[in-house]
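My notebook is open, and I have a few things to look up today. Here is what I'm working from.

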Amino acid sequence: MISGKATIAATKSYAQLHQTECLQKHFREINSLTMSSIGIGTYLGKSDATTDNLVTEAIIKSVKSGINLIDTAINYRSQHGEMSVKAALVHLIESQTVSRAELIICSKGGFIPNREREKWFKQEYVDHPKFNIQMTDMVAGIHCMHPEYIQDQLERSLINLGVETIDIYYLHNPETQLGIIPPDEFYRRLKAVFAVLEKAADAGKITAYGIATWQGFRVPPTDAKHIDLAKAKSIAQQVAGGKGDRFQFIQLPVNLTMPEAVITPTQPIDSKILPAITAANQLGINAIASASIAQAKNLMQLPQNIIHSIENLKTDAVRALQFTRSVPGLSSALVGMKSPKHIAENLALTSIPLLDAADFNQLIDFVG
């Protein structure tokens with residue numbers, strides 16, 4: 001078990017140690033922690049030893065080169081994502097490359113992390129006398145928000161990662177349940193999850209929590225998959241009982257082909273409807289981008305005058321990542337990395353200035 005958690009002093013020290021190869025603005029102060037503008041994701045790939053080793057090596061190389069935000073989830077590669085992170089952490093800490101306190105470790109729970117989804121869920125939770133969980137608590141055959149399930153998934157993630165504390169723990173794509181269960185029931189379930197996560201924070205198992213989404217914060221209020229961020233924050237405040245809630249992060253797709261979080265009003269705040277990132281900032285919630293290069297799937301659809309307006313970068317994928325990490329109000333941009341070539345290309349951005357406001361606004365005009 002790796003003890004400790006990210007701290008104010010250690011993350012600041014990490015940034016200072018990397019100031020020779022990384023520009024100062026590559027790091028941001030988020031919740032008093034110093035966070036890199038690029039984070040490494042661990043989502044894609046096969047659940048095999050070859051991919052495990054590639055992911056582990058990518059994390060090690062990234063942390064050595066100025067990235068201290070590591071993002072995973074229990075369902076990524078059927079728990080192999082978290083285990084690859086553990087292998088990297090053990091190497092980095094035992095080699096005294098970094099301390100645990102310099103790194104911001106994130107994971108997520110909600111999806112079923114086993115390929116035999118219904119069979120596994122029934123065996124592990126429904127048939128187990130320890131839990132009061134029913135098959136009806138699993139939605140769409142892939143997702144569960146029962147508080148006992150989330151509590152157990154968090155415990156499993158702590159074991160998989162080999163850590164005492166997860167710095168940011170997300171409820172993973174809860175909008176999976178919307179459109180299947182009524183909104184009132186959804187927010188009741190959300191409240192029960194937040195109660196579990198507030199207790200986990202009190203116990204030192206997590207530091208902060210959030211909601212990681214795909215559609216939830218980017219679609220309009222009329223959409224069945226819409227999550228009301230202000231309502232979610234209010235629920236967290238109720239659960240915390242006025243002592244300061246730990247619902248402090250959201251994660252959502254932000255990229256050149258999916259700019260809704262930046263430009264599309266979707267979140268009601270004080271009689272206005274604001275884009276998700278703007279709304280989050282007003283609520284005191286930090287936003288982290290997933291799919292920062294659209295998993296490289298849609299970049300060829302972009303007009304070349306957009307992609308090539310980001311000068312001095314070698315590939316469309318790196319230009320796309322430069323756009324995302326330059327979004328005003330965004331804490332960090334996650335990108336999955338496995339190949340040495342892609343790792344080197346992405347890490348080169350740490351020494352390159354962010355887009356200035358004029359260049360960014362020009363791009364937004366193009367994509368909007």
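How many residues does helix 7 have, and how far does helix 7 reach from its first C-alpha to its last? I noted that this is a predicted model. Helix 7 covers residues 229–240, which makes 12 residues, and it reaches 17 Å from first C-alpha to last. That is close to the 16 Å expected at 1.5 Å a residue.

Next I looked up which residues of helix 7 are buried. I got Leu229, Ala232, Lys233, Ile235, Ala236 and Ala240. Looking down the axis of helix 7, I see these buried residues within an arc of 155°, so they line one face of the helix. My reminder to myself: an α-helix has 3.6 residues a turn, so residues three or four places apart point the same way.

What do the buried residues of helix 7 pack against? I found helix 6 (183–202), strand 9 (206–212), strand 10 (247–253), strand 11 (267–269) and helix 9 (276–282).

Then I checked the ends. Asp228 caps the N-terminal end of helix 7, with a side-chain oxygen 3.1 Å from the backbone nitrogen of Ala230. Just after the helix, Gly241 takes a positive phi of about 65°.

Last entry: His26. I found His26 in the loop between helix 1 (8–17) and strand 1 (27–30). Is His26 buried or exposed? His26 is buried, because its relative accessible area is 1%, and the cut-off for buried is under 20%. Its side chain reaches the backbone oxygen of Gly66 at 2.7 Å. Leaving out residues up to four places away in sequence, I listed what His26 touches, including Met35, Ile38, Arg325 and Thr350.

Technical notes. Residues are numbered from 1 along each chain as its sequence is written. This is a predicted model: local features need pLDDT of at least 70, side-chain atom pairs count only at pLDDT 80 or more; totals for chains, interfaces and linings use all residues. Side-chain values use heavy atoms; hydrogens and water are left out. Helices (H or I, at least four residues) and strands (E, at least two) are DSSP runs, numbered from the N terminus. Buried means under 20% relative accessible area, exposed over 50%, partly exposed in between (1.4 Å probe, protein chains only). A polar contact is a pair of N or O atoms within 3.5 Å; within protein, one must be able to donate a hydrogen and the other to accept it, and residues adjacent in sequence count only if both atoms are side-chain atoms. Contact means heavy atoms within 4.5 Å. The expected span of a helix is 1.5 Å times one less than its number of residues. The arc is that of the directions from the helix axis to the C-beta atoms.
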